[in-house]
Amino acid sequence: MAKMEDIVSLCKRRGFIFPGSDVYGGMAGTWDFGPLGVLLKRKIMDEWWNYWVDQRDDMYGVDAAIIMNPRTWVASGHVGTFADPLVECKDCKNRFRADKIADGISESVTTEEFLATHTKCPICGKENWGPIRKFNMMFSTHVGAVLPEDVNENPELAEKGIAYLRPETAQGIFTNYKNIVDTIYPDMPFGIAQQGKAFRNEISPRDFILRDRECSQMEIEYFVAPGTWEENFEKLRKEQHEFLEGVMGLPVEKIHELEVPEEDRAHYSKRTIDFMFDYPNGEEELMGLAYRTDFDLANIQRESGKKMEYRDKNTNETYIPHVIEPSIGVERLMLAVLASAYSEEEDRIVLKLPENLAPYRFCVSPLLKNKPELVAKAREVYEILKKKYTFVTWDDSGNIGKRYKKQDEIGTPKCVVIDFDTLEDGTVTVRDRDTTEQVRVRVEEL
Ligand code: GAP
């Protein structure tokens with residue numbers, strides 16, 4: 001099993017992921033994606049979109065604004081309940097998420113329940129805790145021309161212009177449900193999908209890109225007729241496995257379904273299955289599949305005064321649809337992909353990424369950099385492959401062994417080398433990343 005520090009080190013060394021604002025000493029819970037990371041991230045997102053939206057007739061996409069009308073978050077329950085249990089050590093003054101430092105307690109833990117666990121402070125080792133307080137995880141900001149001095153003079157202004165960075169992409173879907181029904185007239189059941197940034201002021205961001213303050217989500221709200229949610233839940237559950245295992249190449253044995261008990265479920269959910277993954281630091285939630293009932297649409301109808309009902313074209317029956325929500329974080333999926341691909345062999349480190357996710361499909365290089373005829377021929381082959389496959393890289397640095405080492409670490413499935421025989425017979429050496437075997441093939445066969 002790969003160690004987290006090895007993956008972090010490879011990601012930095014090879015330009016996948018850097019700490020956010022690295023040059024200023026970082027910004028906890030934020031990460032920047034370098035050239036290789038951007039390629040991997042985009043491929044993961046594109047494959048998700050292709051599987052869930054482009055390949056289906058029952059899914060529609062949206063790309064909603066990140067800053068939404070603050071009434072969104074009142075109706076959704078986030079203003080009231082999107083909070084983690086915060087506890088402070090009275091000795092060293094460090095603050096923690098209570099359910100992450102004590103065993104066997106849930107997010108709804110009370111002060112008494114927490115104290116009964118006799119947890120010691122992870123920093124100073126003392127057992128001297130303050131009360132559990134609810135810490136709302138939404139980032140707030142001000143929208144409009146409100147100056148700090150205006151707020152000082154009139155504190156009511158602080159409340160007036162307040163807005164939130166969205167903590168889930170889901171609400172951008174729910175608030176567009178009516179627009180889509182009124183413009184696309186979809187048959188039931190149908191889904192609306194969105195990918196984009198979400199922000200959470202996590203008390204303790206941790207485990208590399210697993211728990212971030214700024215992350216990207218890929219979410220679907222799947223609208224169904226009330227009374228049909230169970231069959232649709234089951235269908236989406238199976239499709240999640242197909243996507244995670246078949247398209248993302250995650251090992252079946254590392255994915256575990258967890259039926260989330262009522263006390264741990266989000267405020268909107270009547271049933272949730274968390275898809276857990278064996279990450280390097282232990283089993284953690286990769287994604288969730290939740291039955292959100294008609295909670296969101298009914299709340300939006302109440303808050304906005306606009307009808308959220310759907311009229312069945314065949315039966316004329318009207319109802320507020322119920323919703324099944326598959327939701328996954330891009331960074332968590334990326335970490336699962338990286339951890340599954342990372343492999344240390346006797347004399348090399350290799351990222352055995354599935355071909356559809358590898359940043360580059362081919363690396364092309366001349367055997368010798370100082371032979372113009374080889375470089376010219378290699379450039380020719382590079383241009384041909386680049387046109388055909390797009391994701392092709394050029395490498396003429398160092399010796400051939402060093403190039404293979406680098407391409408293994410970034411997960412390039414095939415290295416193509418142009419040598420003197422190429423000039424004679426038009427064949428090239430193709431080296432396979434996983435087996436390291438080399439074969440000679442004609443350029444046209446690539
Ligand atoms: N709309 C439902 C929702 O947001 P969630 O369980 O809070 O539910 C869904 O989040 C998914 O988003 C998680 O399963 C995880 O993959 C990802 N996610 C949530 N918080 C995250 C964080 N702080 N950092 C990285 N990914 C996160």
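The model is a predicted one, and its chain holds 16 helices and 23 strands. Along the principal axes the C-alpha trace spans about 80 × 65 × 50 Å, and buried residues make up 51% of the 446 residues. Of the contacts with a separation of 6 or more, 65% are between residues 24 or more positions apart.

**The seven-stranded sheet**

- Seven strands form an open sheet in the order E3-E9-E10-E16-E13-E12-E11, and their pairing is mixed.
- The edges of this sheet are strand E3 (59–61) and strand E11 (255–259), each of which pairs on one side only, while neighbouring strands are turned against each other by 25° on average, direction ignored.
- Helix H2 (residues 35–54) lies across E3, strand E9 (190–199), strand E10 (214–224) and strand E16 (322–329), and its direction makes an angle of about 160° with E9.
- Helix H10 (residues 177–184) lies across E3, E9 and E10, running at about 145° to E9.

**The three-stranded sheet**

- A further open sheet has three strands in the order E5-E4-E6, with antiparallel pairing.
- Strand E5 (95–97) and strand E6 (133–136) each have a single partner strand, so one side of each is left without a neighbour in the sheet; the twist from one strand to the next averages 45°.
- Strand E4 (residues 83–88) is joined to E5 by three bridges, the two strands running antiparallel, and Val87 stands opposite Phe96 of E5.

**Salt bridges**

- A search of the whole structure finds 38 salt bridges, one of which brings the side chains of Glu239 and Arg56 together at 3.0 Å, N to O.
- That pair links distant parts of the chain, with Glu239 in helix H11 (residues 229–247) and Arg56 in the loop between H2 and E3, 183 residues apart; Glu239 and Arg56 are both buried.
- Lys197 forms a salt bridge with Glu214, their closest N and O atoms being 2.8 Å apart.
- Because Lys197 lies in strand E9 and Glu214 in strand E10, this pair ties together parts that are 17 residues apart in sequence.
- Lys197 is partly exposed, with a relative accessible area of 28%, and Glu214, at 30% relative accessibility, also counts as partly exposed.
- Asp408 and Arg348 meet through their side chains in a salt bridge of 2.9 Å, N to O, which links helix H15 with strand E18 (residues 348–351) across 60 residues; both Asp408 and Arg348 are buried.

- Asp395 is placed in the loop between strand E20 (392–394) and helix H15 (400–410).
- Although Asp395 is buried, it has no salt bridge, and the nearest side chain of opposite charge, that of Lys406, is 4.2 Å away, whereas a salt bridge requires a separation within 4 Å.
- The side chain of Asp395 does make a polar contact with the side chain of Ser397, at 2.7 Å.
- Leaving aside residues up to four places away in sequence, Asp395 touches Cys363, Val364, Ser365, Pro366, Arg403, Lys406 and Gln407.

Conventions
Residues are numbered from 1 along each chain as its sequence is written. This is a predicted model: local features need pLDDT of at least 70, side-chain atom pairs count only at pLDDT 80 or more; totals for chains, interfaces and linings use all residues. Side-chain values use heavy atoms; hydrogens and water are left out. Helices (H or I, at least four residues) and strands (E, at least two) are DSSP runs, numbered from the N terminus. Buried means under 20% relative accessible area, exposed over 50%, partly exposed in between (1.4 Å probe, protein chains only). Lys and Arg count as positive and Asp and Glu as negative; His and the chain ends are not counted. A polar contact is a pair of N or O atoms within 3.5 Å; within protein, one must be able to donate a hydrogen and the other to accept it, and residues adjacent in sequence count only if both atoms are side-chain atoms. Contact means heavy atoms within 4.5 Å. Two strands pair if DSSP finds at least two bridges between them. Axes are lines fitted to C-alpha atoms, for helices over the stretch in contact, and angles run from 0 to 180 degrees between N-to-C directions.
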